[in-house]
Amino acid sequence: MAEPRSLRWPIGLLLLASCTGQFGDLPAHDDGEATAPLCTAIEPGESPLRRMTRVEYDNTISDLLGDDSRPARDFVPEEESLGFNNQAAALVVSPLLAEQYMTAAEGVAARAAGKLLGEAPACRDAAGGDACRGEIGALVASFGKRAFRRPLADDEIADFVDLFRRGIALGDTPDDASTGLALVLQAMLQSPHFLYRVELGMPDPVEGDVVPLTSYEVASRLSYLLWGTMPDEALFAAAEQGALGTAAEIEAQARRMLEDPRAREAVKGFHRQWLGLAKIDEIAAGGKDPKLYPEYRDELLPLFQAETEAFLDHAIFEQDASVSALFTAPYSMMNRELAEFYGVEGGPKGDAFERVELDPSQRAGFVTHAGLLALYAKPNRSSPVHRGRFVRQSLLCQIPPPPPDVVPEPPMVDATKTTREQFSQHVSDPGCKSCHTLLDPIGFGFEHYDALGRWRDAENGIPVDASGELTQTDIDGPFEGAVELAHRLAQSEQVRTCVVKQWFRFGYGRAEQSEDSCSIAQATQAFEASGYNIRALLVALTQTDAFRYRRSLDVAGDAGGAAEGAAEGEP
């Protein structure tokens, strides 16, 4: 008898990933300026097979079964690409990860089986009887629909019921229903239909080989984009009714979902990766020079991260802020300990984070937060290079390539000079000049902030020179200090376009390509019409061709054939 489909898929696909290293070639991306596209046809671009990240796995297990054990915390970390850990082409499955999926499924299934058996009372006394098999079939259909995020086919249900029948013979007692159901759950939780978002689209193309996604596929795209987890009952109901087929229906659901607290967590996850907030705790590995920065302690790091996360959450969800406000806001969110670190007088008195007004001549938006300034610095001084690269790469979407055969070496610390003076060699050294003329002049604008992100007027007894210059942008010219830089960035069309690109990459799990020009234009136009409102951008991402359509492809046949080849040892 053939094995259940959910048992055949995991083995083949996971082996395929471990043999080839990926499910497809990592797509190239273009960071150049885009011209206005002529959008006369539906162009969805790529629709890669997307695997759940560790965070998505844990969220899904929690929503599916009420299990908050967070087993994915022990999984091997995802590979990062384009600054994000959810890029489909980089999410390979190693043999170790496949084993961890199996171990997690066994633990989750063992905890859930007894509870779920309450839905099959006939199985308590006669697990091998017809009544029990009928109830198990109904349970498999209802649970499987939520686990696979689509209705199961009749043959799938039959396969799982047969697996249950075989499993009850493996228990400690005859007709052990709990063991049989646990085996079914293990199979489901290791199936690609659970671990991946498998999308085939509707059977009939609307234009050429372009097909709309099914309502269930749209529901999953919405839930993982805006919540980082499986659809809720309202999304499942809309999918069952076929009420996710139009742009208006999708928009209504997206707006509803943005009012849910889970949306805040998803947005927080984006910022942790885009801005590098998740790496702030890595400062502890190298620390800060205790002779130069005796005030530093590792306990500050979670406060640094919490400040920026709380600020962005407040601005986006409480103030309904535009992207400009994120760069220019003269306030932040702090508790007592963090306010004392900043030297804020009359600040919060407790551990809760509150809005704190700051000196607008010294602080503006997230770019002057201590956590980011400390992250993009060295243990013993500030770093114009790292801070300049952060602006170029993360905020302007410009990635200057390093020259070949050059090993960068920062200048030795000289207590008689400022950091700016020490880094002057970059513009005099021909091997450094090509890159550092793009990075250092921006980074010098942050020199009023030391390696901990604290304001300073002098360094080594010498007045700070925080003059900088922007080149090869739409806001070129000299500027004085990070506050003026932040206000310039707030008015930059390149920055706004970069924000759209970064959300596209994070939301769609892939790099943008030439075929995506119309989808990016659709999102950008809606973003502009809203006054560059962040929540409006999230809604706009659900309205694009890239979100609602895919190209017709026999995914099941292609993946199944490749899986069988991998299982048989073919290259």
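Guide: Quick definition before we start: buried means under 20% relative accessible area, exposed over 50%, and partly exposed in between (1.4 Å probe, protein chains only). This is a predicted model, so local features need pLDDT of at least 70 and side-chain atom pairs count only at pLDDT 80 or more, while totals for chains, interfaces and linings use all residues. Residues are numbered from 1 along each chain as its sequence is written, and side-chain values use heavy atoms, with hydrogens and water left out.

Visitor: What share of the residues in the chain is buried?
Guide: The chain comes to 26 helices and 10 strands (DSSP runs numbered from the N terminus: helices are H or I with at least four residues, strands are E with at least two). Of its 571 residues, the buried share is 54%.

Visitor: How are the rings of tryptophan 503 and phenylalanine 506 arranged?
Guide: The structure holds 21 aromatic pairs (Phe, Tyr or Trp rings, six-membered ring for Trp, with centres within 6.5 Å; planes under 30 degrees apart are stacked, over 60 edge-to-face, the rest tilted). In this pair the ring centres are 5.7 Å apart and the planes sit at 85°, so tryptophan 503 and phenylalanine 506 are edge-to-face.

Visitor: Are tryptophan 503 and phenylalanine 506 buried or exposed?
Guide: They are 3 residues apart in helix H22 (residues 493–508), about one helical turn. Tryptophan 503 has a relative accessible area of 2%. Phenylalanine 506 comes in at 12%. Under the cut-off, both tryptophan 503 and phenylalanine 506 are buried.

Visitor: How far apart are the ring centres of phenylalanine 504 and tyrosine 508?
Guide: Phenylalanine 504 and tyrosine 508 are 4 residues apart in helix H22, again about one helical turn, and both are buried. Their planes are at 65°, so the pair is edge-to-face, with ring centres apart by 4.4 Å.

Visitor: Which arginine sits over the ring of tyrosine 331?
Guide: A charge sits over a ring if NZ of Lys or CZ of Arg is within 6 Å of the ring centre and within 35 degrees of the ring normal. Tyrosine 532 has arginine 496 over its face, at 4.1 Å from the ring centre. For tyrosine 331, the charged end lies 3.7 Å from the ring centre and belongs to arginine 355.

Visitor: Leaving aside neighbours within four places in sequence, what is glutamate 357 in contact with?
Guide: Glutamate 357 lies in strand E5 (residues 354–357). Its C-alpha is 9.9 Å from that of methionine 334, 23 residues away in sequence. With contact meaning heavy atoms within 4.5 Å, the partners of glutamate 357 are Pro330 and Tyr331.

Visitor: Which residues of H2 and H4 make the contact?
Guide: Helix H2 (residues 54–65) and helix H4 (residues 130–148) have axes 10 Å apart, at about 155° (lines fitted to C-alpha atoms, for helices over the stretch in contact; angles run from 0 to 180 degrees between N-to-C directions). That makes H2 roughly antiparallel to H4 (under 35 degrees is roughly parallel, over 145 roughly antiparallel, 65 to 115 roughly perpendicular, the rest oblique). The contact uses Asp63, Leu64 and Leu65 of H2, and from H4, Phe143, Arg146 and Ala147.

Visitor: How does H3 lie relative to H6?
Guide: Helix H3 (residues 95–116) packs on helix H6 (residues 177–189) with axes 8 Å apart, at about 135°. That angle makes H3, relative to H6, oblique.
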